[in-house]
Amino acid sequence: MRRYGKHTDEDDIRTRPGRRNTRPRTNIRPKHEDASEGLVLTVDRGRLTCLVEDRVVMAMKARELGRKAAVVGDRVAIVGDLTGRKDSLARIVRIEERTSVLRRTADDDDPYERVVVANADQLAVVTALADPEPRPRLIDRCLVAAYAGGLEPLLVLTKSDLARPDKLLELYGHLDIPYVVTSREELQNGTAVARVREQLDGKITAFVGHSGVGKTTLVNSLVPKEQRRTTGHVNAVTGRGRHTTTSALALPLAGSDGWVIDTPGLRSFGLHHVDPSQVIHAFPDLEPGTEGCPRACSHDEPDCALDAWVAEGHADPARLYSLRRLLATRERKEGD
């Protein structure tokens, strides 16, 4: 049966809407020019705590960022509820260009790269002189990551009341790397904190170190209002501390425009992401000796000029041994 007359108008025809949304699709994304600038303080299971002006705001990553993740130290653009009230949630719509990046992998064979901290000015490598024993190989790896990521290194040697720093300073003290030696008594009376602060004022400093070296204790002394749980004991069998800092956290340095970023304790520091040719830059005492090396020298060959360089007393043999250990692990990775 005919439902409409002979002369129908378009307005007379009823149409059934489709099941899918008929809204036209577009690849044009909003520019969010009115977004506020924020600093990522910490990341916890997809929720990012950010500082927006003088307010602490909880935020999540916008879908338009895809797989790009924000990390502690990132400067981000935030929209939405920026009041900082309880249960409020904003969105991070843009991650600004980074000036430096501290990266690591679980080991040298792990292709999964982890960005630990962004936009830090320097990397403070905290090492105990005893209990647990210092690990120069881990220090060397941290130095490689610092130079590769655009950070200036700083050595902080703790527990000098248990062992003298002379031996370790023989390896690193003449490399133009600033260092501070502290004891547990000096941490308690504040004299060590004052010396460390001189190296931190006006800078964003990421602190790294394996468990039990006193890293978080030092951070708590530098930022007393933001106490983090410290490592209680060092295992007598393994000589290692227990992880108590489980996520990176940025803290403002009181009385200064500097920032301190405490990171979880390290078991290892993989360098899968670092090109082998860059490793030598972390050994400024050895780098001049490579001028006499043959072309494409692996620095572990019979005619490598570094052997003569070390034999002439320009560098400690332990440093050359460390360099070759690092390069050997990188070569094994490339051959897999």
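## Helix H4

The buried residues of H4 (buried meaning under 20% relative accessible area, with a 1.4 Å probe and protein chains only) are Ala192, Val193, Val196, Arg197 and Leu200. Viewed down the axis of H4, these buried residues fall within an arc of 135°, so they line one face of the helix; the arc is that of the directions from the helix axis to the C-beta atoms. Just after H4, Gly202 has a positive phi of about 75°.

This is a predicted model, in which local features need pLDDT of at least 70 and side-chain atom pairs count only at pLDDT 80 or more, while totals for chains, interfaces and linings use all residues. Residues are numbered from 1 along each chain as its sequence is written, and side-chain values use heavy atoms, with hydrogens and water left out.

## Packing of H4 and H5

H4 and helix H5 (residues 215-222) pack at an angle of about 85°, and their axes are 10 Å apart. Axes are lines fitted to C-alpha atoms, for helices over the stretch in contact, and angles run from 0 to 180 degrees between N-to-C directions. H4 and H5 are therefore roughly perpendicular to each other, a term for angles of 65 to 115 degrees.

From H4, the contact (heavy atoms within 4.5 Å) is made by Val193, Val196, Arg197 and Leu200, and from H5 by Leu218, Ser221 and Leu222. By class, the contact of H4 with H5 has 5 nonpolar, 1 polar and 1 charged residues. Here Ala, Val, Leu, Ile, Met, Phe, Trp, Tyr, Cys and Pro count as nonpolar, Asp, Glu, Lys and Arg as charged, and the others, Gly among them, as polar.

## The sheet

An open sheet of 6 strands has mixed pairing and the order S10-S9-S8-S11-S13-S12. Strands pair if DSSP finds at least two bridges between them; helices (H or I, at least four residues) and strands (E, at least two) are DSSP runs, numbered from the N terminus.

## Strand S13 and its partners

Strand S11 (residues 204-208) runs parallel to strand S13 (residues 259-262), and 4 bridges join them. Within this pair, Phe207 stands opposite Asp262, and Ala206 has Ile261 as its bridge partner. S12 runs antiparallel to S13, also with 4 bridges, and Leu249 stands opposite Asp262.

S12 and S13 form a hairpin with 6 residues between them, and Gly255 in the turn has a positive phi of about 70°. Trp259 and Ile261 point one way from S13, Val260 and Asp262 point the other way, and all are buried.

Key
Parallel < 35°, antiparallel > 145°, perpendicular 65-115°, else oblique. Buried < 20%, exposed > 50% of the residue type's maximum accessible area, 1.4 Å probe, protein only.
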